[in-house]
Amino acid sequence: MGDFTEAGHTESADGGRRVLPSIGTSALKNAMELTNDYIANTHGNTSMFATIFFGILDPVTGSLLYVNGGHEKPFLINSTGIKEELATTGSAVGLFPGTHFEIREAHLEPGDTLVAFTDGIPEAQNSDGELFGAERLNTILTQPTTTAAELLDRIQASVQAYIGSADASDDITLLAVRRQ
């Protein structure tokens, strides 16, 4: 672990802020690890797993505590585009018993938006089998929007226009939260 930057936080090698356990963060960490162990031990022989992004946003301070268990990396965006890509903090839930998950912290300034999505967005395919891809998504994220709903509508419309009449190959789930 890196040097302490302030009480309860350390800098990680990739520049993200790790959160040292407190009562609330310990509960989040325990919930992730117990859920992981339950799925791995109870359903391991079925190869079932889940990816999870779980975040707790304090709208007053903009502090976002999160755990990312193998999920697509969410983005923080601001008026100029992508501000930060939130790191994965553990493997997909249910793959390996005893997996540990880190809790990380990010910060949303007023006007910043958190956008999370399933792999059905970048992996959406058109009728030629070509993927929508991360580059197309990143282009959309750099275009200014005034609301989280507007951003979600723009992403959904772009993906739908790209796949056209092709059958959906995966679920498409989106979440966007803007700090006012």
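Start by selecting Ser 63, which sits in strand β5 (residues 63–69); strands here are DSSP runs of E with at least two residues, helices are runs of H or I with at least four, and both are numbered from the N terminus. You're looking at a predicted model, where local features need pLDDT of at least 70, side-chain atom pairs count only at pLDDT 80 or more, and totals for chains, interfaces and linings use all residues. Residues are numbered from 1 along each chain as its sequence is written, and side-chain values use heavy atoms, with hydrogens and water left out.

Is Ser 63 buried or exposed? Its relative accessibility is 17%, so it counts as buried (under 20% relative accessible area; exposed is over 50%, partly exposed in between, with a 1.4 Å probe and protein chains only). Now show its contacts (heavy atoms within 4.5 Å): leaving out residues up to four places away in sequence, they include Ile 56, Asp 58 and His 107.

Find Ile 52 across from Gly 69. Then click Gly 62 in the hairpin, where five residues lie between the strands: its phi is positive, near 85°.

Last stop: the largest nonpolar core, with 15 residues, including Ile 121 and Leu 137. Such a core is a set of buried Ala, Val, Leu, Ile, Met, Phe, Trp, Tyr and Cys residues joined through side-chain atoms within 4.5 Å. Helix α3 (148–163) is one of its contributors, and gives the most, five residues.

Terms used. Two strands pair if DSSP finds at least two bridges between them.
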